[in-house]
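Morning, everyone. Today I want to talk about aromatic rings and how they pair. Have a look at the structure first.

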Amino acid sequence: MGPKRLLPDLISVKRDFCWARECAGAVVGVDAFILLYEAVKSAYEEVVVRGEHRAALAHFKRRLDTLLIKGVRPVFVFDGRKFSGKQVAQHTRGEQRARALALVAAQLESADAQQAGDGTLALCLDDKTLKAAAHVTEELVTAAINLLRATSGVSYVVAPYEADA
């Protein structure tokens, strides 16, 4: 169904929610991929242009720390295998990402990607293209799982399939 179609239906049951008040001390399931996608989108330039995930992982850790500070005991749920019923949507997303990555690669190779004085690249790409090219990699998932393993009081599970399977 997706958030665009689901969220309008949920407006009638919407209410204010406060983590500190309603979840302190509770065990709460957290969709790890939602936080990882959010983290990648927050650090899209580093992820896409430099192929590094430090900033994305730092964003993920800040979200984890926020939960822990508020007294929430999170159980992170990672998606498992792809669900065959979503092949068309996954294929479409993959094509969109591939087009965006091709634009980024072409930009990096072109004369428009000039080395700036501080050593950074001056890209002439809009944020939308860079965000579309960003994606959660196996490397980032592994780093997030290692972070969770090293954090006391945090559990995780890898589901057999994607959450909506």
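One definition before we start: partly exposed means a relative accessible area between the buried limit, under 20%, and the exposed limit, over 50%. Keep in mind that this is a predicted model.

So, how many aromatic pairs does a search of the whole structure find? Four. I'll take two of them.

Begin with Phe33 and Tyr37. Their ring centres are 6.3 Å apart. The planes meet at 45°, so this pair is tilted; edge-to-face would need over 60 degrees. Where do they sit? Both are in helix H3, residues 32-42. They are four residues apart, which puts about one helical turn between them.

Now accessibility. Tyr37 comes out at 36%, so it counts as partly exposed. Phe33 is at 15%, and that makes it buried.

Next pair: Phe78 and Tyr156. Here the centres are 6.1 Å apart and the planes are at 90°. That is edge-to-face.

Which parts of the chain does this pair tie together? Phe78 lies in strand E2, residues 73-78. Tyr156 lies in strand E5, residues 155-158. The pair therefore links parts that are 78 residues apart in sequence.

Buried or exposed? Phe78 is buried, with a relative accessible area of 1%. Tyr156, at 27%, counts as partly exposed.

Last point. Phe33, Tyr37, Phe78 and Tyr156 form one aromatic cluster. So when you look at helix H3, with Phe33 and Tyr37, look at Phe78 in strand E2 and Tyr156 in strand E5 as well. That's it from me.

Note on methods. Residues are numbered from 1 along each chain as its sequence is written. This is a predicted model: local features need pLDDT of at least 70, side-chain atom pairs count only at pLDDT 80 or more; totals for chains, interfaces and linings use all residues. Side-chain values use heavy atoms; hydrogens and water are left out. Rings of Phe, Tyr and Trp (its six-membered ring) pair if their centres lie within 6.5 Å; planes under 30 degrees apart count as stacked, over 60 as edge-to-face and the rest as tilted. Helices (H or I, at least four residues) and strands (E, at least two) are DSSP runs, numbered from the N terminus. Buried means under 20% relative accessible area, exposed over 50%, partly exposed in between (1.4 Å probe, protein chains only).
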